[in-house]
Amino acid sequence: MLIIRDLVKRYGNFTAVDHLNMHVQRGQIFGFIGPNGAGKTTTMKIIATLLAPTSGQVMVDGVELQKDPIKIREKIGYMPDFFGVYDNLKVMEYLDFYGSAYGIEYRQRRRIAEDLLELVDLRDKKDAYVDTLSRGMKQRLCLARCLIHNPELLILDEPASGMDPRARAEIKGILKELKRMGKTILISSHILAELSEICDCVGIIDRGRMVVQGSVDHIVRRMEGEAVVRLKVLRDVDRAVKLLKEQPMVTGIVQEEQFLEVTCKGNDEELWKLLRTLVNSEIPVISFNKAEGNLEHIFMEVTSDEEMVL
Amino acid sequence: MKKWYYNPVLASSLKTRMRGWRTAASVTAYLGVMLFIAYIFFKIYIEAQAINGISVNANQSVGLQVYLTLAIIQFALILLITPAQTAGVVSSEREMQTLDLLLCTKMSSAAIIMGKLLSSLGFILLLIIASIPLFSLVLLFGGIALEDIAILFLFYIVTAFGVGSIGVFYSTLFKRTVVSTVVTYVTIFFLGIVSVVLGTYMMAMHYSQPSQPADYYIPFILYINPGVGLADLLSTQAGGQYVLPYGIIGLLIGQVGNIPQGWFQQLPFWVKNIGVISIIATLLLVISTWSIRPNKRMGARIWKVRRSG
Ligand SMILES: Nc1ncnc2c1ncn2[C@@H]1O[C@H](COP(=O)(O)OP(=O)(O)O)[C@@H](O)[C@H]1O
Ligand SMILES: [Mg+2]
């Protein structure tokens, strides 16, 4: 559905997107993860035909972006990382306006708008002015807007950021519904936890480069070589850190008061050896548990090494 | 099938503009201001004539005076209001962060710019239309024909189009509406003043040559100033007798008495004036259209007419 090859975007000397490759299959929800400034928005704006790439190729449903941007605009629904609402319009008029901008005939777009308001649960707000809506409602309205022309691919730029948990859950519910309707969704975030559950596939981008890409399971397996252990010591934290650093299998330590988060290579056997070493050295370990390899952790691992103490 | 004249931006803004009391209040205020200023001028004129002992029985002359006064006030108001209406059309979309959304739709850049321009000019047009009853009062006095008023209104529309396109152009150039508005006013002010000063100077130099040229010479810079065109139009309509009150321009234009040659030169000055203004305005709009999409390679297709099935 979406293929990106060797995409490069430079702002002057600064390379925001650096030979990025990405492959999103039809019907997938693809999580596009990266810290702030990684180049997610830039990539998405290029796909939305709002920015010209410096080089590289973008194909949406077999159509090449550079050759037929107008066709691309029909195929995608883009939701930017801001609301973008006219405050003097009512909810229905807002959808109607974008429907007309996509060249949809009046009666048809009215009907579509009604359906979409139903989908995003804003039917009773149809005659409210857009600026009276809450953040979560505005967000859902924007989602409805980018669906007005029935696009096949949705490009959603950080739809969950700045939302309270309830609004996030609502958006997630709508996304699942859209997936059921057969839409392909590219969704970005700098927080992984919420996406890992709904995404079929994730790509992790850092400093303009795709670090790792694949199904959630695949990435977890790839990362399993590294285990993360959270442990708590009663005292002697400094001695514990020193000792851990000496162990060859330990690759990273994050310390937070009495708590230590240790990344280490190897299997469970190695972990047991690690615990034995600590106990033998009279370190008062009072809790020791292996963290399940969730995406958030992997994300930390691949994208930010600054926070590691080693 | 989408109709070619249907512009979503224009349709939506007309709908919201006409909602509520603000537009109606603005039109009323506008007419009030015009009527008030006209009344003041009229009163001063009558009093001046009474003092000078000239009888006011010449109805035609009164009608003409009222007409000229209204014409100039309306012109000044258009110059004053149009920049405020148009200089924010694209930059405010940027500020509200809705421009990207619009650029993602199937609307062409040209349709977006035209929709924006027309919806902001729509208000000016409304004011102009609302002033028709005021102008038709003049007809009661005589001295001015209906077609004079029609031509004057055509002139207004072209002026609003010209000034409006400067506003639209700056609103695509500058990210902030405030900057765009200020620059538009400054540009209009300077174009008005500088073109007259420079043009007058050039004409004076030309005609004061020792060889005493008797040709038809108007520097190009005067063609871009609608004020000069208006002065020419009004003095023509007033039958040439009111050339002097419009200052040195009227004097200089009046001085060009020689028979012009060629079809272009035979056209009245104000016709050429609105022609030049329209061409410049169109150029500015083309540049604006081209520049709202950052993606220049995609700009090649902006003029393609698209229809939905
Ligand atoms: N118009 C621009 N000019 C220069 N640099 C920019 C511009 N837009 C974005 N950048 C830079 O490009 C990088 C990527 O930005 P962005 O794509 O917004 O990241 P993300 O969405 O992942 O947070 C950032 O370092 C940002 O500062
Ligand atoms: Mg971003």
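**View 1. A:Thr41 and its polar contact with ligand 1 in this predicted model.** A polar side-chain atom of A:Thr41 sits 2.5 Å from an oxygen atom of ligand 1; a polar contact here is a pair of N or O atoms within 3.5 Å, and within protein one must be able to donate a hydrogen and the other to accept it, with residues adjacent in sequence counting only if both atoms are side-chain atoms. A:Thr42 also places a polar side-chain atom 2.5 Å from an oxygen atom of ligand 1. From A:Ala38 it is a polar backbone atom that lies 3.2 Å from a ligand 1 oxygen. On its own, ligand 1 exposes 560 Å², and the protein buries 59% of that (areas by the Shrake-Rupley method with a 1.4 Å probe; for residues, only the protein chains shown count as cover).

**View 2. The shell around ligand 1.** Look here for residues with a heavy atom within 4 Å of the ligand, among them A:Tyr11, A:Phe14, A:Pro35 and A:Lys40. By class, the shell has five nonpolar, five polar and one charged residues (Ala, Val, Leu, Ile, Met, Phe, Trp, Tyr, Cys and Pro are nonpolar; Asp, Glu, Lys and Arg charged; the others, Gly among them, polar). Strand E2 (14–24) and helix H1 (40–47) of chain A each supply at least two shell residues, and H1(A) gives the most, with three. Helices (H or I, at least four residues) and strands (E, at least two) are DSSP runs, numbered from the N terminus.

**View 3. A:Gln247 in its loop.** You will find A:Gln247 between helix H9 (237–246) and strand E12 (250–256) of chain A. A:Gln247 counts as buried because its relative accessibility is 15%, and buried means under 20%, exposed over 50%, partly exposed in between (1.4 Å probe, protein chains only). A polar atom of its side chain lies 3.2 Å from the backbone oxygen of A:Leu243. Beyond neighbours within four places in sequence, A:Gln247 is in contact (heavy atoms within 4.5 Å) with A:Leu274 and A:Thr277.

**View 4. Confidence along chain A.** The mean pLDDT, the predictor's confidence in each residue from 0 to 100, is lowest in helix H11 (residues 295–303), at 55, and highest in strand E7 (residues 153–156), at 96. Over residues 303–310 of chain A, pLDDT stays under 50.

**Notes.** Residues are numbered from 1 along each chain as its sequence is written, with chains lettered from A and ligands numbered from 1 in the order written. In this predicted model, local features need pLDDT of at least 70 and side-chain atom pairs count only at pLDDT 80 or more, while totals for chains, interfaces and linings use all residues; side-chain values use heavy atoms, leaving out hydrogens and water.
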